[in-house]
Amino acid sequence: MKNILLSCRVNGEDCQLVVKPSQTLLEALRDGLHLTGAKEGCGNGNCGSCTVIMDGRAVNSCLVLAREAEGRDILTIEGLAAAARGPDTAGKSALHPVQQAFLDHHAVQCGFCTPGTVLAAAAWLQGSKAPSEAEVRAAIAGNLCRCTGYDRMVKAIAAASHGPQPFEPPKGRQYVGLSAPRVDGHDKVTGEARYGADTFLPGLLYARVLRCPYPHARIKSIDASRAAVQPGVKAVITGKDLPPLGKAAQTFGMEGWISAASLRKLVMAGDKAFFEGQAVAAIAATGLEIADEAVKLIKVDYEQLPFVLDAQAAMQPGAPLLYPDLLPATLAEKGARPGNIASYSELGWGDVDKAFREADVVVERTLDTQVVNHGYLEPLACTASVGAEGHVTVWTSTQGTFNCQRQLTALLGLPQAQLTIVPTEVGGGFGGRTTAILEPLAILLSQKAGRPVKLVMRRDEVFRAGGAGAPAHMTVKVGARKDGKLVAAYARLIYDIGAFPSSPTASGAMIAFGPYKLENMKVESSNIVTNKLPVLMYRAPGGTPSVFAVETVMDMMAEKLGMDPLAFRQVNAVSQGDPMSTGQTFGPIGLRQLLDTVAGHSAWTDSLEGPHRGRGLAAGYWLGAQASTSSAWVYVQRDGTVNITTGHVDLTGTRTALRQMAAQLLQIPLERVSIHTNDTSSSPFSDQTVGSRTAVTYSVALDHACRHAVAQMKVHAANRLNVAAEAIDYSEGQFCVSGQGGKAMSWDDVAFLTVKRLGGPVLGVGSTSISNAPGFAVHIADVEVEPETGKTKLLRYTCFQDVGGEINPALVEGQIQGAVSQGIGWALTEGYDYADGKLQNASFLDYRIPTATDVPPIETVRICVPSGVGPYGLRGVGEIPIVPVPAAIANAIYRACGVRMDRLPMTPEAVWRAMKGKHVEDV
């Protein structure tokens with residue numbers, strides 16, 4: 001079919017575009033006009049990230065053919081502010097009321113869903129006045145968000161008609177503890193922020209990947225000859241194009257690891273495919289449509305092999321083997337026969353068997369969880385360009401530029417100095433962007449084609465091959481005395497880690513019994529390979545399943561003892577000096593203070609009226625920042641302004657918090673500090689942004705760098721004031737001579753000297769590696785279960801958490817609310833559905849993450865017991881809040897309808913079947 005000349009009006013201007021008959025409006029806006037504020041999150045109208053306003057109505061532009069926009073008036077996020085200002089106020093910087101409200105109410109986190117949600121709200125508000133919370137939630141139910149928990153979005157939209165609430169900087173120098181505006185907020189509400197797929201370069205090629213349709217298959221041959229000669233195809237690669245690995249064995253990761261050999265298989269299959277969706281070949285072409293058609297011409301001769309999808313089945317004799325040379329390993333020795341047990345470990349102390357024999361009460365339960373998806377709204381995406389001299393530049397949506405660089409160096413044999421990783425904005429991470437899955441393919445294609453190559457996963461590819469959270473089969477047993485004191489605890493955790501040997505679940509074993517003081521404890525954990533997609537780190541890796549099991553059993557124990565669930569936990573809570581599962585001892589921790597706070601809070605003390613309602617409580621724990629390194633550069637400009645350079649990727653408002661810390665440490669106005677996340681060639685080394693570590697470790701590095709900078713400034717001031725540097729005091733932007741109040745210089749005056757006198761510019765440098773800053777949370781869920789359907793409605797959700805210290809309270813609360821929203825999905829709706837080895841629900845329509853109508857307002861109650869780490873005693877907040885959620889909801893469901901749910905997700909059907917089998921009265 002011939003191309004079509006499209007005439008329409010876009011953001012107030014007449015526009016003509018040549019489009020293909022099958023091209024969507026989203027593609028026309030992004031590829032034709034480079035209006036990248038509209039995002040492709042799913043491609044089938046289920047996420048709302050592509051929302052634009054057409055003739056006054058919000059539409060999903062991925063579902064509208066470009067030719068349908070003929071003669072229409074299209075408004076994208078890039079034009080919203082100008083449209084709100086009108087023709088008489090052109091040039092003014094005012095935003096649309098919804099955009100401004102999103103900034104005022106701190107409703108932005110990763111920002112990928114923000115343009116679509118803002119536009120949907122702006123279109124809806126045209127006919128609504130003083131909307132209720134329920135109306136707002138219903139209005140944006142078609143716009144998914146994985147980061148915020150929706151609460152702040154709802155508040156922002158409801159308040160949009162009431163005018164802006166501008167931020168007013170404090171008069172003094174107290175910036176830490178202030179809910180300062182996000183430094184990236186404006187870019188995200190206006191669509192200016194650039195994500196992985198938003199890179200456009202001259203001569204850009206577009207890539208597609210051919211993926212295996214079987215869960216386990218030998219690849220006998222690949223014939224790409226027909227695809228390679230198609231017009232527009234510039235490069236084709238298969239697993240044979242990956243260079244051989246070096247001799248040195250390498251592993252990558254922090255809470256979880258993956259070996260270089262496994263990562264190589266994950267990037268692209270060699271002689272065998274281990275899961276449905278594994279990459280087999282890739283093509284780069286001048287257009288996506290060409291690449292899509294060319295991929296279909298690649299012929300692969302497969303020999304289907306027996307497969308196993310269940311971890312317990314994979315452990316049995318005679319189960320299909322993924323690796324004939326994988327010898328099950330224990331702490332003491334390697335096994336003699338091949339199997340599917342990738343690793344086995346034990347931790348604990350005391351004599352558990354003896355303690356159980358002596359216990360007055362023993363409770364045991366076996367529970368299961370399913371594969372879950374990270375659900376980030378931005379699909380994995382990158383662009384690679386290989387220069388004439390072989391230098392490789394990669395623009396990518398990653399959680400760690402230096403980790404990505406290291407992986408690519410190992411896989412492709414590139415020297416690190418010849419490889420620059422440029423971080424884009426990240427549209428949600430949660431541990432799912434720690435592994436270089438796409439980048440090696442884009443680089444190889446670019447090397448072969450001699451042109452830059454962009455590679456973006458489709459949503460179904462993300463579900464099938466982008467990595468996931470581990471399912472688990474768990475048996476937990478606890479013993480206690482009649483007075484409620486725990487005497488023994490045992491857990492057997494079997495994690496299904498998917499196709500490749502790795503360990504993204506070790507922390508699940510370490511945190512399982514974390515909140516409880518135990519004299520006798522044993523945790524056995526096994527990682528089992530199966531023919532599912534590989535498990536990667538996912539927010540508190542392994543922790544949510546293990547705590548679901550432990551907290552369910554603890555609730556059962558409290559009931560059997562006739563104790564209040566809260567009182568039971570107060571009796572057994574750990575405190576400073578008690579042992580951790582790692583062999584260390586707890587430093588300052590706030591679990592007991594948290595439990596005391598819960599005891600006096602209305603979320604626990606208010607009565608819960610009405611039938612079929614129940615209240616559940618659960619505790620959670622996270623290890624904190626484990627063995628992580630951060631580095632900071634603090635550069636003082638000649639005019640006294642300061643540039644902070646970091647290698648940490650910003651997922652959750654890191655740049656905003658670091659800016660506040662720097663202003664506080666340097667005692668200069670907040671607006672005089674700017675912060676930049678640079679590429680690997682122009683920033684100091686920092687570990688990945690994972691594991692609730694970034695703010696904690698960076699606070700120490702930044703403290704060192706700021707002290708270093710101030711010390712250099714003192715030398716400059718001393719030289720000018722003709723005294724020794726030791727005689728200079730610094731406070732509130734003034735360098736003074738000790739004991740001589742009249743002799744002083746301002747920060748700006750000294751900064752001016754730094755490039756004019758000996759000593760040179762001021763560059764503060766700081767680097768640190770710290771151990772941990774563990775934290776705890778206690779959650780309360782109120783639910784109502786419909787007896788006719790089994791549907792669980794969340795009535796109220798309250799999180800109590802020890803955050804150590806708060807740099808920016810709004811950011812802290814947003815992190816907690818977002819994690820709880822994910823946990824609600826784990827608990828009630830999310831899970832992979834396999835049939836004959838193939839995933840059946842690889843879309844946001846069938847894999848159901850919570851919408852704004854599913855998540856209640858999430859209240860956060862935060863206490864600050866300083867961790868003892870860094871200048872502010874911070875604890876990471878991102879992991880802990882997801883950990884107790886399924887257990888709290890499960891315990892609430894039990895009290896609402898009398899059945900113990902031992903499997904996630906607790907869907908309406910699952911709860912209904914459990915009630916029916918239990919013969920609960922009145923059901």
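**View 1. Surroundings of Phe513 in the predicted model.** Leaving aside neighbours within four places in sequence, Phe513 is in contact with Val476, Val478, Ala489, Tyr490, Ala491, Leu518, Met521, Lys522, Val523, Val550 and Met554. The structure shown here and in the views below is a predicted model. Phe513 also belongs to the largest nonpolar core, which has 209 residues, and is listed with Phe102, Val478, Tyr797, Ile889, Ile893 and Met906 as touching the most other members. Helix 17, residues 543-561, gives this core its largest share, ten residues. Apart from it lies another core, of 48 residues, which includes Ala662, Leu702, Ala705 and Tyr730.

**View 2. The largest cavity and its lining.** The count of cavities of 30 Å³ or more comes to ten, and the largest cavity holds about 650 Å³ of space. Its lining is made up of 41 residues, with Thr652, Ser692, Gln815, Val877 and Gly878 lying nearest the centre. At least two lining residues are supplied by each of helix 21 (654-666), helix 22 (694-721) and helix 24 (809-828). By residue class, the lining of the largest cavity divides into 18 nonpolar, 17 polar and six charged residues.

**View 3. Thr654 in helix 21.** Thr654 is found in helix 21 and has a relative accessible area of 9%, so Thr654 counts as buried. When residues up to four places away in sequence are not counted, Thr654 touches Val649 and Thr694.

**View 4. The salt bridge between Lys532 and Asp496.** Among the 43 salt bridges that the structure holds, the one formed by Lys532 with Asp496 has its closest N and O atoms 2.5 Å apart. This pair links distant parts of the chain, since Lys532 sits in the loop between strand 22 (521-529) and helix 17 whereas Asp496 sits in strand 21 (residues 486-498), 36 residues apart. Both Lys532 and Asp496 are buried.

**View 5. The salt bridge between Arg458 and Asp460.** Arg458 forms a salt bridge with Asp460, in which the closest N and O atoms are 3.3 Å apart. Arg458 counts as partly exposed because its relative accessibility is 33%, and Asp460 is likewise partly exposed, with a relative accessible area of 26%.

**View 6. Arg707 and Asp703 within helix 22.** Both residues lie in helix 22, four residues apart, about one turn of the helix, and in the salt bridge of Arg707 with Asp703 the closest N and O atoms are 3.1 Å apart. Arg707, at 58% relative accessibility, counts as exposed, whereas Asp703, at 11%, counts as buried. Salt bridges that share partners also join Arg182, Asp184, Lys188, Glu425, Asp650 and Arg655 into one network.

Technical notes:
Residues are numbered from 1 along each chain as its sequence is written. This is a predicted model: local features need pLDDT of at least 70, side-chain atom pairs count only at pLDDT 80 or more; totals for chains, interfaces and linings use all residues. Side-chain values use heavy atoms; hydrogens and water are left out. On a 1 Å grid over the protein atoms alone, a cavity is a set of points where a 1.4 Å probe fits but cannot get out, and a pocket is an open set with protein on both sides within 12 Å along at least five of seven lines; lining residues have an atom within 4 Å of a point. Grid points are joined across faces, edges and corners, and a volume is the space filled by probe spheres set on the points. Ala, Val, Leu, Ile, Met, Phe, Trp, Tyr, Cys and Pro count as nonpolar, Asp, Glu, Lys and Arg as charged, and the others, Gly among them, as polar. A nonpolar core is a set of buried Ala, Val, Leu, Ile, Met, Phe, Trp, Tyr and Cys residues joined through side-chain atoms within 4.5 Å. Buried means under 20% relative accessible area, exposed over 50%, partly exposed in between (1.4 Å probe, protein chains only). Contact means heavy atoms within 4.5 Å. A salt bridge is a side-chain nitrogen of Lys or Arg within 4 Å of a carboxyl oxygen of Asp or Glu.
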